[in-house]
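This report describes selected elements of the structure shown below.

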Amino acid sequence: MPRGDGRLTHDLDPQSPGPQDACGVFGVWAPGEEVAKLAYFGLYALQHRGQEAAGIAVSDGASVVVYKDLGLVSQVFDEATLGSLRGYLSVGHTRYSTTGSSTWENAQPTFRTTDAGTGLALCHNGNLVNTAELASKAADAGVRGAFTASTDSDLITSLIAARPDMSVEAAAMEVLPQLRGAFSLTFMDEDTLYAARDPQGVRPLVLGRLERGWVVASETAALDIVGASVVREVEPGELIAIDADGLRSQHFAPAEPKGCVFEYVYLARPDTTISGRGVHAARVEIGRRLAKEHPVEADLVIPVPESGTPAAVGYAEASGIPYGLGLVKNSYVGRTFIQPSQTIRQLGIRLKLNPLRDVIRGKRLVVVDDSIVRGNTQRALIRMLREAGALEVHVRIASPPVKWPCFYGIDFASRAELIANGLELDGVRASINADSLGYVSEQGLIAATEQPANRLCTACFTGQYPIDLGEVDVLGKHVLEGVGRTPMPRPDAQRAVTGWTGQQAGSATVPGGADDALSRP
């Protein structure tokens, strides 16, 4: 089963990536504001969701301009670039590739000119499971531009753009019901911002209010950074449109909520709220439940920073064992494209983590981490702690064993590489050389989220996929590559601008009259 080969900014072992984050999407409609800068800071807040590429599209009512490149948000954009992106609505994206390689043409927003001559820019978080089927149908129907990139996101854009004699909104209402899988979308034409979420609501998407406009984003933390107040979540199966006439909402499918439980474990920022539950509070509660489910006699509880920190706090609180920092993380080691030398490679995770020997020496440790995927990171970490003088190392994991790959927007390893798939608990413990090992139970994790179990996707733990996967042999990150497509050469410049100029769309006004659309639970 194919898997991704990307690297997270916060991977501890550069040679052994953990679960790769979903992408981050952002959209803003705000006449009179510097929307490109709002999008930039929104994406900056979502950088943890993807570090391979970033892009922003803007419109001034007459044209849509897209600017994107490989790299971090702060590497792709500078003051001069953002100053040149003028308009009153914008969408933005920060990418980790879950479908398609990490190449320039696969960076987002994707762009198409519709058959009606309208510019369309789209950003996607998630992963479709019927991509191959849709691509085949698009090819049979002669959909123009369906294969210029190798992403399901680009395919969605092509399908919406290919509807003749239809507005973007009407075309979206036809296309969205055909998509199967996870998708949280922000997209735009010259004068309207759109947001849509799959019927299961697998990936988060929230709506916020500015004094002079509206914002949609993957996480509430991105609303906070631009000064927007949280209004509500975009509902599963909902399409929102925002323009000069205000905000309107319609449903393209009935809601069947199955939010990703791994957002609470690892993906989302701790200062984000999902379905009314603060992520930090959920992670602390997971730690408390871990302590009750897997107690042990020890001297110190330490986290694997930063994703294990809240659960470690909860474990220490519930167990009565002191909490301390035994590992120091280099906060300035971000995504690097420089391959380490053999000498550096042999040092493994020390590039990003180093032990506090005076704290660790002679202690029985409880080490709290968010998950175990292959086990390579934990194995190297435990070896490092023992070399620093730890007497015992007891590992506690803030999620159940990951036994199944995700097809909805997280790029885990293949099933064959997942250590918990091939080994029982004691086998995993022995493999990583821990004195004891305990995972939080599925019931404990769900209880910590405060969400009903039937509204969560736990497929990576249980193998029970809430959205039909269809033919597994046509699933995977590179499903569209080499399938009837002509590769798009990357421009000579490191950064490229795609633009379209159409008819003057008229003056924009501050929206209003949207109370009915905001009253949804």
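## Basis and conventions

Contact is taken to mean heavy atoms within 4.5 Å. The model is predicted: local features need pLDDT of at least 70, side-chain atom pairs count only at pLDDT 80 or more, and totals for chains, interfaces and linings use all residues. Residues are numbered from 1 along each chain as its sequence is written, and side-chain values use heavy atoms, with hydrogens and water left out.

Helices (H or I, at least four residues) and strands (E, at least two) are DSSP runs, numbered from the N terminus.

Tyr194 lies in strand β8 (residues 193-197). Because its relative accessibility is 3%, Tyr194 counts as buried; the term denotes under 20% relative accessible area, with exposed meaning over 50% and partly exposed in between (1.4 Å probe, protein chains only). Leaving out residues up to four places away in sequence, Tyr194 touches Val168, Glu169, Leu185, Thr186, Phe187, Met188, Asp189, Leu239, Ile240 and Ala241.

With Asp189, Tyr194 makes a side-chain to side-chain polar contact of 3.2 Å. Such a contact is a pair of N or O atoms within 3.5 Å; within protein, one must be able to donate a hydrogen and the other to accept it, and residues adjacent in sequence count only if both atoms are side-chain atoms. Val168 is 26 residues from Tyr194 along the chain, and their C-alpha atoms are separated by 9.3 Å.

Helix α6 (residues 168-175) has Val168, Glu169, Ala171, Ala172 and Val175 as its buried residues. Viewed down the helix axis, these fall within an arc of 160°, so they line one face of α6; the arc is that of the directions from the helix axis to the C-beta atoms. They pack against β6, α5 (152-161), β7 (181-188), β8, β12 (238-243) and β13 (246-251).

Gly119 belongs to strand β6 (residues 119-128) and is buried, with a relative accessible area of 0%.

## The four-stranded sheet

Four strands form an open sheet in the order β17-β20-β21-β22, with parallel pairing. Its edge strands, β17 (300-303) and β22 (436-439), each pair on one side only; pairing requires that DSSP finds at least two bridges between two strands. Neighbouring strands are turned by 20° against each other on average, direction ignored. Axes are lines fitted to C-alpha atoms, for helices over the stretch in contact, and angles run from 0 to 180 degrees between N-to-C directions.

Six bridges join the parallel strands β20 (residues 364-369) and β21 (residues 392-397), with Leu365 partnered by Val393 of β21. Helix α10 (residues 309-319) packs on the sheet, touching β17, β20 and β21, and its direction makes about 165° with that of β17. Helix α13 (residues 376-387) also touches β17, β20 and β21, at about 150° to the direction of β21.

Strand β17 pairs with β20 in the parallel sense over four bridges, and Val301 stands opposite Val366 in β20. Both faces of β17 are covered, with Leu300 and Ile302 buried on one side and Val301 and Pro303 on the other.

## The largest nonpolar core

A nonpolar core is a set of buried Ala, Val, Leu, Ile, Met, Phe, Trp, Tyr and Cys residues joined through side-chain atoms within 4.5 Å. The largest has 46 residues, of which Phe262, Val301, Tyr315, Val368, Tyr408 and Phe412 touch the most other members. Elements that each supply at least two residues of this core include α9 (279-293), α10 and β20.

Beyond its neighbours within four places in sequence, Val368 contacts residues including Leu290, Val301, Ala311, Tyr315 and Arg396.
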